[in-house]
Amino acid sequence: MAFASSFRRVLSGCSSGSSVLSSQFASIRLHSTLTSPKLFINGLSRLTTDEKLKEAFSPFGQLIDAKIIIDRMSGRSKGFGFVTYATIEEAEKAKENMNATYLDGWVIFVDPAKPREHRPPPPPQRQPDPASSETGFRTNKTIGWCA
């Protein structure tokens with residue numbers, strides 16, 4: 001019961017020590033929307049490289065990773081990427097300073113990165129029917145013609 005009353009005091013800010021503590025929590029909650037040091041960068045030029053992204057975001061703190069997502073088929077940028085900082089504070093500073101700015105002539109937008117969603121594995125592929133040909137037609141063995 002004593003814990004519950006102390007907890008209520010911290011939340012309500014009745015004592016001077018707990019009001020300082022609750023105001024610190026309030027300032028953290030109001031000023032920081034990030035829960036991880038990873039940022040999602042959208043609106044990138046197709047010509048922007050990993051090095052250019054790293055160069056643009058390095059003034060705001062220690063960069064762990066800067067990666068532009070590439071299309072597998074064409075080998076070109078998909079127009080978005082991710083930047084990871086060492087701390088959340090550095091990521092917050094980069095988000096505030098780089099959001100809605102120009103990079104390689106394009107306006108970029110910086111948002112918190114969402115965790116990757118779990119994707120179910122693809123269903124197993126069916127074995128091809130030995131009676132079917134490459135064209136997709138099946139041979140009717142009783143008559144001898146394709147249907």
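In what order do the 5 strands of the open sheet lie? Color this predicted model by secondary structure and read across the sheet: the order is β2-β3-β1-β5-β4, and the pairing is antiparallel. In general, strands of a sheet pair through backbone hydrogen bonds, either parallel or antiparallel.

Next, select residues 63-70 and 101-103. These are β2 and β4, the edge strands; each has a single partner strand, so one side of each is left without a neighbour in the sheet. As you go from one strand to the next, the twist averages 35°.

Time to show the helices. Select residues 50-57 for helix α3, which lies across β1 (38-42), β2, β3, β4 and β5 (106-112). Helix α3 runs at about 140° to β2. Then select residues 88-98 for helix α4, which packs on the sheet and touches β1, β3, β4 and β5. The direction of helix α4 makes about 150° with that of β5.

For the last stop, zoom in on serine 77, in strand β3. Is serine 77 buried or exposed? Its relative accessibility is 7%, and because the cut-off for buried is under 20%, serine 77 counts as buried. Show its side chain and you will find that it reaches the backbone nitrogen of glycine 79 at 3.0 Å. Beyond its neighbours within four places in sequence, serine 77 is in contact with Ser45, Arg46, Ile68, Ile69 and Ile70.

Note on methods
Residues numbered from 1 in each chain as written. Predicted model: local features only at pLDDT ≥ 70, side-chain atom pairs only at ≥ 80, totals over all residues. Heavy atoms only, no water. Pairing = 2+ DSSP bridges. Helix = DSSP H or I, 4+ residues; strand = E, 2+ residues; numbered from the N terminus. Axes fitted to C-alpha atoms, helices over the stretch in contact; angles between N-to-C directions. Contact = heavy atoms within 4.5 Å. Buried < 20%, exposed > 50% of the residue type's maximum accessible area, 1.4 Å probe, protein only. Polar contact = N/O pair within 3.5 Å; in protein donor to acceptor, adjacent residues only side chain to side chain.
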